[in-house]
Protein chains: 2
Amino acid sequence: MGLKLYSYWRSTTSLRVRAVLNLKGFDYEIVPVNLLTGAQSGPAFSAINPSQSVPVLVLEDGTALTQSLAIIDYLDVLRPNPPLLHSDPLHRAQERAAAYAIAMDIHPVNNLKVLNYLRGPMDQPESEVIRYVHQWMHHGLEAFQRKIRPGTAFTFGERIGLADICLVSQLVNARRWAFDLTPFDRLCDIDARAVSNPSIAAAMPENLPDAA
Amino acid sequence: MGLKLYSYWRSTTSLRVRAVLNLKGFDYEIVPVNLLTGAQSGPAFSAINPSQSVPVLVLEDGTALTQSLAIIDYLDVLRPNPPLLHSDPLHRAQERAAAYAIAMDIHPVNNLKVLNYLRGPMDQPESEVIRYVHQWMHHGLEAFQRKIRPGTAFTFGERIGLADICLVSQLVNARRWAFDLTPFDRLCDIDARAVSNPSIAAAMPENLPDAA
């Protein structure tokens, strides 16, 4: 039966996992979970992930793995080539720190659950929600930009790594929120180069079977 | 000169790094950064970390490492004993996923910067901020609880690991916010066992030289 990825086309954490599965040449099946119609809280998916979030990678024996970066670490150990992190421990820590500047400091704070809390219980108008979203994007992308290497094709060298995968996913989200990327031209350059790779292109939302 | 950890006694991400430095027997010096008086935005600390956040680990050659979990991965590679993660890739991914249920899904959303945004630009009264904080703690700790092993001394076995370190830090924060831990007795048990370890005890806020 092989690997099954429960994914939503627009979910940027699902995009991270799809990108790594493609880059490493894994054979997998995508099972779309429509977050818009609430499929994540239905009994079928709740049985797979009681936390009702995507992505979930289900292995051949039925084990369900959650948390995009934990899944990616697993895939990187299982199939080390191409590597997602440098082998030098210090370099590796710097790559992880850049990835976390997005995965910890932007994504969770701007997650749909949090935004719906601001809209609902906190009664914030959409204009305030947009200002909030942009604030954390700006802060996090500035931190990311300070961490990357100057003059390389990708954030840490000449190959696509973990930080690039987080960047590509974050910029999909940034564009969706009409965030001004003008001050981040080096990030846009890296993003364009990454997205021209067929493995990354195939993982992009618009190329997914469940894209609406 | 050795390792220097820029830390604030109450910062729970600093606590994670202190715990690992102690568990692995590293020799290091703590440099307190008083977040209450804004020392993080002063020129001295901004030169070390332009993102103006703790913890920062400064190595012998002056290299500054940021992001608590990236620093911890670095320390774990540098000195693999005692290990923070199981050697089996699948088990390892499950431990990371539990750690991330706290480090991604609770901590960033309840970070002081975000809360100050709710209090300031969003003009929320403290009662609403508390409700917001508790909501994400509840959601994240439930997810964490579902991921851990039944019947073990710590979350994934008989030794303190990455998930335990994230848990201890999160429960410090939960108690500070008077969050009701009654539904989480297994987590409180694990926490009590971890905190009775002298390496963890020495990392706790109240035992820090800069504790107020």
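This report describes aromatic contacts and one β-sheet in a predicted model.

## Aromatic pairs

Across all chains, the structure holds 13 aromatic pairs. One of them joins A:Tyr6 and A:Phe45, whose ring centres are 5.8 Å apart; the planes stand at 40°, so this pair is tilted. The two residues come from distant parts of the chain, 39 residues apart: A:Tyr6 belongs to strand β1 (residues 3-7) of chain A, and A:Phe45 to helix α2 (residues 43-48) of chain A. A:Tyr6 is buried, with a relative accessible area of 13%. A:Phe45 is also buried, and its relative accessible area is 4%.

In chain B, the rings of B:Phe179 and B:Phe184 have their planes at 25°, so they count as stacked. Both B:Phe179 and B:Phe184 are buried. The table sets the two pairs side by side.

| Pair | Centre distance | Angle between planes | Arrangement |
|---|---|---|---|
| A:Tyr6 and A:Phe45 | 5.8 Å | 40° | tilted |
| B:Phe179 and B:Phe184 | 6.1 Å | 25° | stacked |

Aromatic residues of chains A and B also meet: A:Tyr117, B:Tyr132 and B:Trp136 form one aromatic cluster.

## Charges over rings

Arginine side chains are found over phenylalanine rings. In chain A, A:Arg79 lies over the face of A:Phe26, at 4.2 Å from the ring centre. In chain B, the ring of B:Phe26 has the charged end of B:Arg79 over it, 4.2 Å from the ring centre.

## The sheet of chain B

Strands of a sheet pair through backbone hydrogen bonds, in either a parallel or an antiparallel sense. Chain B has an open sheet of four strands in the order β2-β1-β3-β4, and its pairing is mixed. The edges are formed by β2 (28-32) and β4 (64-65) of chain B; each has a single partner strand, so one side of each is left without a neighbour in the sheet.

Strand β1 (residues 3-7) of chain B runs parallel to β2(B), and five bridges join the two. Within this pairing, B:Leu5 has B:Ile30 as its bridge partner, while B:Tyr6 stands opposite B:Val31. With strand β3 (residues 56-58) of chain B, β1(B) pairs in the antiparallel sense over three bridges. Here B:Lys4 stands opposite B:Val58.

How many of the five residues of β1(B) are buried? Four of them are, and the strand is thus described as mostly covered. Finally, β1(B), helix α1 (residues 12-23) of chain B and β2(B) together make a β-α-β unit, which is right-handed.

Methods: Residues numbered from 1 in each chain as written. Chains lettered and ligands numbered in written order. Predicted model: local features only at pLDDT ≥ 70, side-chain atom pairs only at ≥ 80, totals over all residues. Heavy atoms only, no water. Phe/Tyr/Trp six-rings, centres within 6.5 Å; stacked < 30°, edge-to-face > 60°. Buried < 20%, exposed > 50% of the residue type's maximum accessible area, 1.4 Å probe, protein only. Lys NZ or Arg CZ within 6 Å of the ring centre and 35° of its normal. Pairing = 2+ DSSP bridges. Right-handed = clockwise from strand over helix to strand, strands pointing away.
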